[in-house]
Amino acid sequence: MKKKKLLFLRFQSGLIITIITLSVLIFGSGNFDFLSISPAVAQRISPSDIWQLVYQQLPDLSKENQYISKETGKVAENNTLASRLIRYHIYVKGRVPIYRFDWKLTLADYLNANEVIYEASYPGSDSLKQNPLEGDRTAIAKLTRNQRNKLVQVLVNIFNTPSSGDR
């Protein structure tokens, strides 16, 4: 009985030491690339250009860009459904933009089938006179399953494009 207990304690202490060592190596190096978008993706595509690529490939996707800017008092034409969807996905939820499943989770958020979208943190809530969340939810809900799948595929393709030097 004592031998089993000693073996168990040795295993536990070895496991704890291994975990601590790995933690120090990973977190001590300051390399947190696995927690964020890789610099290669950021260099390939400017975040302000991504939504335009989406609309080039999906011209029938609603722009939902009729909202008034708090700053200028004019229509914020560049603040579109696609731009808010991308910002919500990457910056609010912290989801990786290269995986279909993550985009499907984001669309499920819009359809009230996954996580709650909080109005206060939704892209555009701070810069537009009217929060665009409900309009965006309605626009996503109007899409057919096939259209949503195409949207997901377009987004994944855009974020997985080779760098301009490889084209």
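What percentage of the 167 residues of the protein count as buried? The share is 32%, where buried means under 20% relative accessible area, exposed means over 50%, and partly exposed lies in between, with a 1.4 Å probe and protein chains only. This is a predicted model, in which local features need pLDDT of at least 70, side-chain atom pairs count only at pLDDT 80 or more, and totals for chains, interfaces and linings use all residues. Residues are numbered from 1 along each chain as its sequence is written, and side-chain values use heavy atoms, with hydrogens and water left out.

The protein has 7 helices and 0 strands, taken as DSSP runs numbered from the N terminus (helices are H or I, at least four residues; strands are E, at least two). From the N terminus on, the order of elements is α-α-α-α-α-α-α. Among contacts between residues at least 6 apart in sequence, 60% join residues at least 24 apart, a contact being heavy atoms within 4.5 Å.

Helix α4 covers residues 81–92 and helix α5 residues 100–110. Two packed helices are described by the angle between their axes and the distance between the axes. The axes of α4 and α5 come within 10 Å and cross at roughly 110°, which makes α4 roughly perpendicular to α5. Axes here are lines fitted to C-alpha atoms, for helices over the stretch in contact, and angles run from 0 to 180 degrees between N-to-C directions. Angles of 65 to 115 degrees count as roughly perpendicular, under 35 as roughly parallel, over 145 as roughly antiparallel, and the rest as oblique.

On the α4 side of this pair, R84, L85, I86, Y88 and H89 take part, and they meet D102, W103, T106, L107, D109 and Y110 in α5. By class, the contact has 6 nonpolar, 2 polar and 3 charged residues. Ala, Val, Leu, Ile, Met, Phe, Trp, Tyr, Cys and Pro count as nonpolar, Asp, Glu, Lys and Arg as charged, and the others, Gly among them, as polar.

α4 is largely enclosed by the rest of the structure, because 9 of its 12 residues are buried. These are L81, A82, S83, R84, L85, I86, Y88, H89 and I90. After α4 comes G94, whose phi is positive, near 70°.

α5 also packs against α6: their axes come within 9 Å and cross at roughly 115°. Here L107, D109 and Y110 of α5 meet D136, R137 and I140 of α6. The residues of this contact divide into 3 nonpolar, no polar and 3 charged.

The loop between α5 and α6 (133–142) holds S125. With 18% relative accessibility, S125 counts as buried. A polar atom of the S125 side chain lies 2.8 Å from the backbone oxygen of Y122, and one lies 3.5 Å from the backbone oxygen of E119. Leaving aside residues up to four places away in sequence, S125 touches K70, E119, A120, N131 and P132.

K70 belongs to the loop between α3 (47–57) and α4. K70 is partly exposed, with a relative accessible area of 46%. Not counting residues up to four places away in sequence, K70 touches S125, D126, S127, L128 and K129. K70 and D126 are 56 residues apart in sequence, and their C-alpha atoms are 8.1 Å apart in space.

Key: A polar contact is a pair of N or O atoms within 3.5 Å; within protein, one must be able to donate a hydrogen and the other to accept it, and residues adjacent in sequence count only if both atoms are side-chain atoms.
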